[in-house]
Amino acid sequence: MGKDVVVLLGAGSIGQAIARRVSYGKHLVIADIKLEVAEKVAKDLYNSGYETSAVAADLGSRDSILNLIKHAQQYGDVSGLICGAGVSPSQAPIDVILKVDLYGTSVLMEEFGKIIKEGGSGIIISSQSGHRLEALSQNDNELLALTPTEELLELDMLKKIDNTLTAYQYAKRCNVLRVAAESVKWGKRNARINSLSPGIIITPLANDELNGPRGDNYKKMINLCPSHRAGTPDEIGDLAAYLMSDKAGFISGSDFLIDGGTTASYWYGDLQYMRKTMGN
């Protein structure tokens with residue numbers, strides 16, 4: 001009889017922090033679009049006492065997601081899903097952001113929802129950016145939440161997007177709405193799924209941004225947010241581990257903003273200037 005299996009898609013610092021907290025005694029599948037990255041993380045965690053395997057997976061491809069599930073089920077029943085994969089507004093054009101972050105994440109939840117073990121749980125890493133999009137109509141919310149995945153990219157509201165930031169914001173808003181909708185389906189298997197919307201978290205990519213051309217803007221945002229600092233992967237890991245545990249058994253279909261108060265300041269405080277000057 002196989003072990004419980006936890007699948008991590010997106011082998012970055014945040015995903016690793018979560019996986020370390022929820023995967024001991026289980027088989028941990030490390031998946032990343034770059035196999036060499038997945039293999040390095042799998043080896044590092046193996047050398048820290050975890051049972052691991054590595055596989056390449058593309059969040060923007062249903063076939064790749066199905067192959068990931070097939071790989072994971074070799075080791076047992078999938079009881080946990082962690083999605084930390086995606087692309088940012090500075091990394092990809094509009095169509096790729098929508099295909100990976102919006103469509104791909106929706107497919108991931110849909111397909112894993114079909115096989116998740118009874119009592120299992122999942123975490124989707126969204127972003128504070130989804131909370132900076134102005135309120136949508138109930139009709140638009142329902143379209144993003146309920147449109148069949150293969151029809152999502154044909155929505156009129158998405159075809160009107162003309163910049164990568166707005167594409168990213170719509171994708172992350174969609175993540176939160178799809179988590180709510182998918183939680184109903186996951187619940188039929190007595191499983192739960194939630195999302196986290198982090199703010200600026202110190203990772204290698206974030207440090208590149210902080211030391212890059214837009215670094216001064218990021219540093220100003222950090223200094224003016226209520227917490228006056230950036231977050232750490234471990235802080236995301238702690239919250240995610242709670243949400244994936246039995247202690248959070250009454251929580252499903254919810255999004256948790258973990259940004260040190262940055263979004264609150266964006267709408268109501270010292271960061272309101274960003275709505276006109278930066279947008280993000």
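**Entry 1, S53.** I started with S53, which sits in strand β3, residues 51–56. A reminder to myself before going on: this is a predicted model. Is S53 buried or exposed? With a relative accessibility of 9%, S53 counts as buried, because the cut-off for that is under 20%. I then looked for a polar partner and found H27: the two side chains make a polar contact of 2.8 Å. H27 also turns up in the list of residues that S53 touches, together with L28, V29, I30, A42, H71 and Y75; residues up to four places away in sequence are not counted there.

Next I asked which residues of α1 (residues 13–22) are buried. They are I14, G15, A17, I18, A19 and V22. I also checked what lies over them, and the cover includes strands β1, β2, β4 and β5 (121–125) as well as helix α10 (233–244).

I went to the largest nonpolar core, which has 49 residues. Which of its members touch the most others? My list reads V7, L68, L108, F112, L144 and L158. At least two residues of this core come from each of β1 (5–9), β2 (27–32), α3 (62–73), β4 (78–83), α4 (94–115), α5, α6 (156–159) and α7.

I looked up how α5 (residues 138–146) and α7 (residues 164–187) pack, and got an angle of about 75° with the axes 8 Å apart. The two helices are therefore roughly perpendicular to each other, since 65 to 115 degrees counts as such. On the α5 side the contact is made by N141, L143, L144, A145 and L146, and on the α7 side by Y170, C174, L177, R178 and A181. I sorted these contact residues by type: 8 are nonpolar, 1 is polar and 1 is charged.

L143 counts as partly exposed, because its relative accessibility is 29%. Apart from neighbours within four places in sequence, L143 is in contact with L152, L155, M157 and R178. For a distance, I took G25: L143 and G25 are 118 residues apart in sequence, and their C-alpha atoms are 40 Å apart.

Most residues other than glycine have a negative phi, so I noted the exceptions I came across. N190 has a phi near 55°, and N190 lies in the loop between α7 and β6 (192–198). H228 has a positive phi of about 60° and is found in the loop between α9 (215–224) and α10. H228 counts as exposed, because its relative accessibility is 54%.

Last, I looked up F250, in the loop between α10 and β7 (255–258). Is F250 buried or exposed? F250 is exposed, with a relative accessible area of 86%. F250 and V6 are 244 residues apart in sequence, yet 21 Å apart in space, C-alpha to C-alpha.

How values were computed. Residues are numbered from 1 along each chain as its sequence is written. This is a predicted model: local features need pLDDT of at least 70, side-chain atom pairs count only at pLDDT 80 or more; totals for chains, interfaces and linings use all residues. Side-chain values use heavy atoms; hydrogens and water are left out. Axes are lines fitted to C-alpha atoms, for helices over the stretch in contact, and angles run from 0 to 180 degrees between N-to-C directions. Helices (H or I, at least four residues) and strands (E, at least two) are DSSP runs, numbered from the N terminus. Angles under 35 degrees count as roughly parallel, over 145 as roughly antiparallel, 65 to 115 as roughly perpendicular and the rest as oblique. Contact means heavy atoms within 4.5 Å. Ala, Val, Leu, Ile, Met, Phe, Trp, Tyr, Cys and Pro count as nonpolar, Asp, Glu, Lys and Arg as charged, and the others, Gly among them, as polar. A nonpolar core is a set of buried Ala, Val, Leu, Ile, Met, Phe, Trp, Tyr and Cys residues joined through side-chain atoms within 4.5 Å. Buried means under 20% relative accessible area, exposed over 50%, partly exposed in between (1.4 Å probe, protein chains only). A polar contact is a pair of N or O atoms within 3.5 Å; within protein, one must be able to donate a hydrogen and the other to accept it, and residues adjacent in sequence count only if both atoms are side-chain atoms.
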